[in-house]
Amino acid sequence: MFGKKKKAEAAKAEQEASKKTDGRILLYSDIIDALYDEMPREEREALLEAKQQLEEKVYGTCGSL
C-alpha cells in the first residue's frame, strides 16, 4: 500500500516539474523571438538578462530536457 502511494506521489511531482520546465522553455522561446524585433536598448538588456537567467535555471539545474 505504501509503495503505490509513494510511486504516485513521485509521478505527480515529476509531472509538475515537467510543466514548470516546459513553461520556462516556452518563455525562453518567446524571449528569443522578441530579441529579433527592434526595441530600445533598455528593453533589449532586460530581455537578455531574463534569457540568461532562464538558461541558468533550465539548463543548469535540470541537466537534460
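**Surface and overall make-up**

I started with the surface: the protein exposes about 5,600 Å², and carbon and sulfur atoms supply 54% of this area. Accessible areas come from the Shrake-Rupley method with a 1.4 Å probe, and for residues only the protein chains shown count as cover. I noted that this is a predicted model, in which local features need pLDDT of at least 70 and side-chain atom pairs count only at pLDDT 80 or more, while totals for chains, interfaces and linings use all residues. Residues are numbered from 1 along each chain as its sequence is written, and side-chain values use heavy atoms, with hydrogens and water left out.

Next I looked up burial. Of the 65 residues of the protein, 11% count as buried. Here buried means under 20% relative accessible area, exposed means over 50%, and partly exposed lies in between (1.4 Å probe, protein chains only).

I then checked secondary structure. I found two helices and zero strands. Helices (H or I, at least four residues) and strands (E, at least two) are DSSP runs, numbered from the N terminus. Helix α1 covers residues 2-35. Helix α2 covers residues 41-62.

**Negative patch**

Which residues gather in a patch of negative charge on the surface? I listed Asp30, Asp33, Asp37 and Glu38. Patches are made of residues with over 30% relative accessible area and no salt bridge; like charges are joined within 9 Å, and nonpolar side chains (Val, Leu, Ile, Met, Phe, Trp, Tyr) within 5 Å. Lys and Arg count as positive and Asp and Glu as negative; His and the chain ends are not counted. The place of a charge is taken as NZ of Lys, CZ of Arg, CG of Asp or CD of Glu.

Asp33 lies in helix α1. Asp33 counts as partly exposed because its relative accessibility is 45%.

**Salt bridges**

How many salt bridges does the structure hold? I recorded three. A salt bridge is a side-chain nitrogen of Lys or Arg within 4 Å of a carboxyl oxygen of Asp or Glu.

I began with Arg41. Arg41 forms a salt bridge with Glu45, and the closest N and O atoms are 2.7 Å apart. Both residues lie in helix α2, four residues apart, about one turn of the helix. Arg41 is exposed because its relative accessible area is 56%. Glu45, at 41% relative accessibility, counts as partly exposed.

Arg41 also pairs with Glu42 in a salt bridge, with the closest N and O atoms 3.9 Å apart. I marked both Glu42 and Arg41 as exposed.

The remaining entry is Lys51 with Glu55, a salt bridge whose closest N and O atoms are 3.0 Å apart. Glu55 counts as partly exposed at 26% relative accessibility. Lys51 and Glu55 are separated by about one helical turn because they are four residues apart in helix α2. I then traced shared partners: salt bridges join Arg41, Glu42 and Glu45 into one network.

**Between the helices**

I returned to Lys51, which is found in helix α2. Is Lys51 buried or exposed? Lys51 counts as buried because its relative accessibility is 19%. Leaving out residues up to four places away in sequence, Lys51 touches Tyr28, Ile31, Ile32 and Leu35. Contact means heavy atoms within 4.5 Å.

Ile32 counts as partly exposed, at 25% relative accessibility.

The C-alpha atoms of Gln52 and Tyr28, 24 residues apart along the chain, are separated by 9.3 Å. For Gln53 and Tyr28, 25 residues apart along the chain, the C-alpha separation is 9.7 Å.

Gln52 has its place in helix α2 and counts as partly exposed at 45% relative accessibility. Gln53 also lies in helix α2. Gln53 is partly exposed, with a relative accessible area of 46%.
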